[in-house]
Amino acid sequence: MTELGVLSVNRTITRSSILGVVAITAFAALGSAPAFADATPAPAPTSTAGPTKTLRTLTNVQESAATATAKRITSLNTAITKVTANAFLTASNKSALLENLNNDLAGMNTLATKIAADTDLAQAKIDYATIFTTYRVYSVSIPQAAYTALANTVTSKTAAQLTAEQTRLSGLLSGKDSSKSTAALQASLTDMTAQIGNAGSAVAGLAAGSLAATPEQYDGNHDVMKPFKASATTARAALKQARTDAKTIRSALK
């Protein structure tokens, strides 16, 4: 299924080609954007653009386009700010994310101006459709940022922090708090180690894989991002369980 509000349009059109066409009439509308960091951002909102059957007049199209582009512009600006501030993203991943997000932001600004200036209903519908088909903001771009940030943060910080905590707790259970050690606590310690490994395995290749996905690939296969979502879900669940194991042991050692 497509994002809500999709109209029929040639899906081979790329982000860059759309920018080249519509920027001729709307270049002046392109403003500078704030240049995403949280490893686990909140899920992006879904589109609320009206169904195509309501787009019967030019005004309908322009109003729906204004709503759809404004939502995406807000979401993209938020994502760009987070990516820019994320100290755990590799330089190459940060650069790739910012390029994609800023290109989409420019596209949304350009389309917003172009559609608002359209005087022909048929052309306005074509332009409107590209909001959803050429720019997969909520299906590709923002999920890419979330998955890449998660992968880089786990690799650069979280796994190391949890491993250090596991080592500390293991030392306590075998040292000064050995009298409090039980089979259950040792099982929690073992599980904590396993969960840290599970998280690391889940994010291996997650950044590169998700960044390689394109809106064009999504148009041809709406499942293209599902494996990356599954990996991110697995990693987050493993990290949560590792922290739960650590909390269980710390509570027993108080």
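Modeller: Happy to. Leu-169 touches Leu-189, Met-192, Ala-246, Ile-249, Arg-250 and Leu-253, leaving aside residues up to four places away in sequence; contact here means heavy atoms within 4.5 Å. Please keep in mind that this is a predicted model, in which local features need pLDDT of at least 70 and side-chain atom pairs count only at pLDDT 80 or more, while totals for chains, interfaces and linings use all residues. Residues are numbered from 1 along each chain as its sequence is written, and side-chain values use heavy atoms, with hydrogens and water left out.

Leu-169 also belongs to the largest nonpolar core, which has 32 residues. Such a core is a set of buried Ala, Val, Leu, Ile, Met, Phe, Trp, Tyr and Cys residues joined through side-chain atoms within 4.5 Å. Buried means under 20% relative accessible area, exposed over 50%, and partly exposed in between, with a 1.4 Å probe and protein chains only. The residues with the most contacts inside this core are Tyr-147, Leu-169, Met-192, Leu-206, Met-225 and Ile-249. At least two of its residues come from each of α5 (137-174), α6 (183-203), α7 (206-212) and α9 (226-252), and α5 gives the most, with 10 residues. Helices are DSSP runs (H or I, at least four residues), numbered from the N terminus.

The side chain of Arg-250 forms a salt bridge with that of Glu-165 (2.8 Å, N to O); the term stands for a side-chain nitrogen of Lys or Arg within 4 Å of a carboxyl oxygen of Asp or Glu. This pair links distant parts of the chain, with Glu-165 in helix α5 and Arg-250 in helix α9, 85 residues apart. Glu-165 counts as buried because its relative accessibility is 17%, whereas Arg-250, at 35%, counts as partly exposed.

By this rule the model has 7 salt bridges. Another of them pairs Lys-176 with Asp-177 (3.5 Å, N to O). Lys-176 is exposed, with a relative accessible area of 68%, while Asp-177 is buried at 8% relative accessibility. Shared partners also join Lys-114, Asp-118 and Asp-127 into one salt-bridge network.
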